Amino acid sequence: MKRLFVIFLFLAVAFSGIASFVKISPAGKYFEHNGRAIVPVGFNDAITWPSLISLSYGNKEAAEEYFEKLSYYGVNTLRIMFEYAQDRSGLSLFESPLGTYNDTVIGIWDNIISLAEKYNIYLIITPWDPFWMYENWDVNPYNTDNGGPISTMAEFLTDEEALEWQKARFKFMIERYGASEQILAWELNNEIELWYGHIFYKADYSVGNEARKWIEEISTFIRALERDLYGETHLLTVSTAKPALTGILSGKLYRFDHIDFFTTHFYFDTIKDPKDPMKIAEDVVMNINYHNYLFNDSIPFMDSESGPIDRWPQPSRFDTACYKAFSWAHLASGGTGIGMRWPYTSPHLMPDYLLQVLKPISQFIESEGIDWLDFSGINLDNEIIVSSDKDIFHTCSGNSLENLTSVIGWVASKETIGNVVIESSALDEGTYLLEIWSDSYERDVDSYILGSFEFDSKEDFSLQLSIDQSSFAYKIYRIES
């Protein structure tokens with residue numbers, strides 16, 4: 001008996017040191033950590049932008065104030081590149097020359113990880129900044145002119161020596177930061193089909209083969225190393241510059257044997273040079289529906305970069321309307337969270353007027369009613385009907401088609417909506433609660449719910465409401481079967 005107790009104690013101590021990393025939720029649409037759902041609410045950040053630049057000077061207090069602000073507004077996820085190659089001096093590069101690591105960048109990331117853990121913000125980390133690598137290739141350490149292994153970025157995915165340097169970078173990142181449970185995912189590469197392929201006019205077949213082989217090599221290396229160190233692995237993803245892949249490229253990259261989920265960048269014309277928030281919402285829903293159809297609603301899919309790249313900064317009120325339309329349409333239509341905007345503001349950080357878009361979304365997610373772990377986010381635009389005498393936009397999604405018991409949706413117009421009817425015959429039998437939510441920032445979190453209505457659903461339901469604003473969100477969920 002004593003021997004069994006000793007063995008049990010040893011196992012308890014041993015397993016207490018094993019990390020518990022973020023996983024994909026049971027329904028496949030979102031993420032979970034220690035039994036809690038993570039529905040990503042956040043955006044892109046960078047170590048050289050005004051939001052985090054204080055860490056370059058050792059000013060952790062300013063960075064902590066920033067993370068505290070993010071927590072207040074409901075931000076739970078940031079996507080950050082490990083280095084940012086815009087500065088031609090190389091001060092923000094992780095290594096220059098290759099193998100010589102930058103203590104300043106290391107110190108920045110020591111603090112980012114620490115603050116993310118303190119404020120419960122998850123990180124999607126990608127190791128390279130290929131846009132500025134390309135723009136500043138003449139001073140980049142991978143360039144043969146600077147002692148690197150390749151003459152152009154076209155060789156980045158294929159050169160064997162470059163591959164070993166890439167593995168060395170991942171090894172450093174994993175050994176120093178990989179124990180952190182706040183790392184939602186390693187994004188293996190950013191816009192992988194563009195900066196090493198299409199920018200050099202490679203054919204889709206070549207781009208797809210090179211990218212897929214590289215992903216397999218790197219992911220195999222990462223998973224073996226993390227299992228050896230931590231007993232499990234972080235999620236792996238990759239992003240593309242195209243909002244949606246088709247044809248050969250789709251067949252090569254939309255596979256999930258070496259990555260866990262996929263992200264693309266929603267740079268549609270309506271988003272790059274915005275003129276109408278409702279057109280933004282339409283394109284977002286179209287792309288979410290396309291990918292959820294391809295992935296059978298069983299793999300997380302999200303925008304990981306978007307915004308008015310062709311015309312910025314935008315007037316604050318109009319930019320807020322565009323961001324609200326993008327974010328709510330992304331979530332309500334069945335996307336994984338709200339998407340990850342690139343700021344495109346001046347100064348280049350997410351200002352308060354954009355952060356205010358996130359507070360009601362966060363409250364909507366965190367409140368009761370929807371079991372996000374078991375929510376598949378299946379689009380229901382044809383099953384839940386919202387009608388009005390005004391011209392409205394509506395999108396929604398639910399937990400299931402066959403056993404529908406919970407729905408989220410968003411409705412918007414260019415004018416005050418007034419009378420609106422919500423109806424459906426798709427809900428399972430039971431007693432339901434319909435909650436109408438304000439999507440505008442309020443300091444009093446209790447004021448977000450504009451009204452709630454209990455009803456019974458046997459074959460169908462129809463409720464008429466009066467909405468004294470131009471947009472609103474809603475939840476429908478069963479409270480008694």
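## Basis

In this predicted model, local features need pLDDT of at least 70, side-chain atom pairs count only at pLDDT 80 or more, and totals for chains, interfaces and linings use all residues. Residues are numbered from 1 along each chain as its sequence is written, and side-chain values use heavy atoms, with hydrogens and water left out.

## Sheet and helices

Six strands form an open sheet in the order 12-14-15-20-17-18, with antiparallel pairing. Strand 12 (378-379) and strand 18 (449-457) are at the edges with a single partner strand each, so one side of each has no neighbour in the sheet. Strands (E, at least two residues) and helices (H or I, at least four) are DSSP runs numbered from the N terminus; two strands pair if DSSP finds at least two bridges between them.

Seven bridges join strand 14 (residues 392-398) to strand 15 (residues 406-413) in the antiparallel sense. Cys396 has Gly409 of strand 15 as its bridge partner.

Helix 10 (residues 316-332) lies across strand 14, strand 15 and strand 20 (471-480). Its direction is at about 155 degrees to strand 15, where axes are lines fitted to C-alpha atoms, for helices over the stretch in contact (heavy atoms within 4.5 Å), and angles run from 0 to 180 degrees between N-to-C directions.

## Largest pocket

Lining the largest pocket are 20 residues, and Phe131, Glu305, Ile309, Trp342 and Tyr344 lie nearest its centre. A pocket is an open set of points on a 1 Å grid over the protein atoms alone, with protein on both sides within 12 Å along at least five of seven lines; lining residues have an atom within 4 Å of a point.

Conventions: On a 1 Å grid over the protein atoms alone, a cavity is a set of points where a 1.4 Å probe fits but cannot get out, and a pocket is an open set with protein on both sides within 12 Å along at least five of seven lines; lining residues have an atom within 4 Å of a point.
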